[in-house]
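Hello,

Here is the structure I promised to pass on to you. Have a look at it first, and then read on for what turned up.

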Amino acid sequence: MSTILTHIAIADGKIKRSSLEVLSHCKQLADQGGHSVEAVVVDSNASSFVEGIQKYGASKVYVVEDPIFKNHMNTPLLKALVKVMESANPSVFAFASTESTKDILGALAANQNAAVLPDVSSFELMDGGVKAKRPVMAAKIISNTQAKGDTVLVSVRSGSYDLAENETSAEVVNVDFCMEDSELQAILKEIISASGDTIDLNEAESIVAAGRGVKDEEGQKLISELAQVLNAGIGASRALTEAGIYDPSLQIGQTGKVVSPQLYIAVGISGAIQHVAGMANSKVIVAINKDPDAPIFEISDYGIVGDLYKVLPPFIEELKKIKN
Amino acid sequence: MKFYVCIKMVPDVNAPLQIKDGQLIQDADRQILNAYDASAVEEALVLKEKHGGEVEVVCIGSAKASETIRKALAMGADKATHIVASGDENFDSGSYARILAKFFEDKEYDVLSLGKQAQDTDAGLTGSMVAAMLSLPYTTNAVGLKAQDGKLIVKRQGDTGQEMIELPTPCAVTCSNDMNEPRIPNLKGIMASKRKPMEQVELSSLDLSEDELTASTTVLGYEEKPEREAGKKFEGEADEIAREVAQLLDTEANVI
Ligand SMILES: Cc1cc2nc3c(=O)[nH]c(=O)nc-3n(C[C@H](O)[C@H](O)[C@H](O)COP(=O)(O)OP(=O)(O)OC[C@H]3O[C@@H](n4cnc5c(N)ncnc54)[C@H](O)[C@@H]3O)c2cc1C
């Protein structure tokens, strides 16, 4: 029997759904192979998340709590994870593939001499390691990759697995942590644009994404209205984040976020492969575009050929009716 | 400031791809400078223009990779080191990182920069691996760089917003391609690149054991992504088709 450790990510004071997806999958793998599944949460308020983690089947929860974790910084996070790995001695350590994970995964692997499979869309255990599917070449194809080693780190794209509740009374292990200022290699000076009250795209059930077709404030207002009716997160193509119209953290695609909501509505987006790389795993895709030959229609379940300024008002109106 | 920028030659992801018996078939002539690395080169050049210093590129690759190195020199890098590998070693991020760490072990520099990921594998590990191996302060996914009082100020894209990070030098940073538009070499740059020093280093001279070069990950094969089928397309009166699709999302797709 070996241990599968999962990292529970916290952002904006909430557990990231994507890390519970990973925990749900690991619980299943552990049950199948007779392994144990454990979790680690590192945050300034870590103990408050234990209950939320226990719902998903971990048998042990490592809690590392220190004010230093209020914002992401790689040195303290690495130190905390190394410490937990030394006590848990996991054969697999699984993460949700967030920006914070991407910041530390390679360093942690190097530090622990572990094999590592980043950004996988699925993985399973095999003798002496892990087998995974990874979208590569701008997510145009899938590579079947295996990693061998005493410890394998894996990060998993959001939306790859469904949540599965599995209440347990996990043992809670509080891990002592202290870090001298002199150990801090980098200093966090400022956080410039927090997404604040907008809905986290990695967690959103629905996403309304705006592209270059959304030309002015009137268009942006329609996007907001549509998002509001659906309680959806707002995303954007690079054309609009580069133009400064939407915050860079809202960019979806190869260089932005990889999302997989139940419903993705692409408004005035052409469907360039770099954009599609970030949203092709959405369950249902709706595209609104005035060009009947736009590539986005090739991957859309429902394609509306038309001018977004004419389509969106009746669309929003009808959705409001349905919602009521 | 002395910049080392690590660059990689990668297959052009926009070139047609084919999978035959699990192998990836690509046009060998369409190999390019990794776009994220090009941004790292560009950013180093901009900082050099502002504060002075030197930009040297380092590339691990086959003989053919010299084309990619010339491109970076033509953009304006001052010199280059080509760590010659035959090209069929099946290195993974860990092998690349160990080679780079060995190479940089006895070098002096202010900033070691890399692209945040390679466009072919999209792994995004090498930068933070090298930093960890060299015990350098580092940050990843930079969307802006500034030099100030001997420190590097990095704007990076995090999960909840953009973080401003101050790094003492020497340090390492990985660059997103959102930060700039890499310059396209002009004729003068291309001519000049031919006279710039390009040192070749044999992999064997770096004193790495077989073990250190061996990848811990192996690609077993490639497969097509399950195709998404194009669904229904609605054309006609905006009012009508908008209402119809809204209804279908509720009754057929069940996502409202
Ligand atoms: C290395 C690299 C990485 C990249 N990473 C990303 C990434 O992460 N995310 C990303 O999005 N892009 C990325 N890009 C850019 C990408 O290639 C495209 O340029 C970008 O996605 C285009 O955005 P768009 O679809 O909004 O704009 P366009 O391609 O200009 O498309 C606009 C669409 O709107 C339609 N339209 C116009 N007016 C209307 C109207 N009134 N009503 C309805 N439809 C209308 C048009 O028919 C058109 O199809 C990357 C590019 C490179 C080279």
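A cut-off to start with: a polar contact here is a pair of N or O atoms within 3.5 Å. By that rule A:Asn289 qualifies, with an N or O atom of its side chain 2.8 Å from an oxygen atom of the ligand. Please keep in mind that this is a predicted model.

Staying with the ligand, where does it lie? The ligand sits between chains A and B. It is surrounded by 27 residues, and A:Asn289 is listed among the closest, along with A:Arg212, A:Ser237, A:Thr255 and A:Ser270. In A:Gln274, an N or O atom of the side chain is 2.8 Å from an oxygen atom of the ligand. For A:His275, a polar side-chain atom lies 2.8 Å from a ligand oxygen atom.

Now to the interface between the two chains. On the chain A side 86 residues are in contact with chain B, and on the chain B side 78 residues take part. The size of an interface is often given as the accessible area lost when the parts come together. For chain A and chain B the buried area is about 7,000 Å², and carbon and sulfur atoms give 55% of that.

As for polar links, 42 residue pairs are in polar contact across the interface of chain A and chain B, counting pairs with both residues at pLDDT 80 or more. On the side of chain A that touches chain B, helix 4 (residues 99-112) of chain A gives the largest share, with 10 residues. Sorted by class, that side of chain A has 43 nonpolar, 22 polar and 21 charged residues.

There are 7 salt bridges between chain A and chain B. One of the salt bridges joins the side chains of A:Lys133 and B:Glu223, at 3.1 Å from N to O.

The chains also share strand pairing: strand 10 (residues 141-148) of chain A runs antiparallel to strand 14 (residues 217-224) of chain B, over 7 bridges. Within strand 14 of chain B, B:Gly221 is the residue opposite A:Asn144.

Finally, over all chains the structure holds 28 salt bridges. One to look at within chain A is A:Lys79 with A:Glu183, whose closest N and O atoms are 2.9 Å apart. A:Lys79 is in helix 3 (residues 74-88) of chain A and A:Glu183 is in the loop between strand 12 (171-174) and strand 13 (187-191), so this pair ties together parts 104 residues apart in sequence.

Best wishes

Definitions and conventions
Residues are numbered from 1 along each chain as its sequence is written. Chains are lettered from A and ligands numbered from 1 in the order in which they are written. This is a predicted model: local features need pLDDT of at least 70, side-chain atom pairs count only at pLDDT 80 or more; totals for chains, interfaces and linings use all residues. Side-chain values use heavy atoms; hydrogens and water are left out. Contact means heavy atoms within 4.5 Å. Buried area is the accessible area (1.4 Å probe) that two parts lose on being put together, summed over both. A salt bridge is a side-chain nitrogen of Lys or Arg within 4 Å of a carboxyl oxygen of Asp or Glu. A polar contact is a pair of N or O atoms within 3.5 Å; within protein, one must be able to donate a hydrogen and the other to accept it, and residues adjacent in sequence count only if both atoms are side-chain atoms. Helices (H or I, at least four residues) and strands (E, at least two) are DSSP runs, numbered from the N terminus. Ala, Val, Leu, Ile, Met, Phe, Trp, Tyr, Cys and Pro count as nonpolar, Asp, Glu, Lys and Arg as charged, and the others, Gly among them, as polar. Two strands pair if DSSP finds at least two bridges between them. A residue is near a molecule or strand if one of its heavy atoms lies within 4 Å of it.
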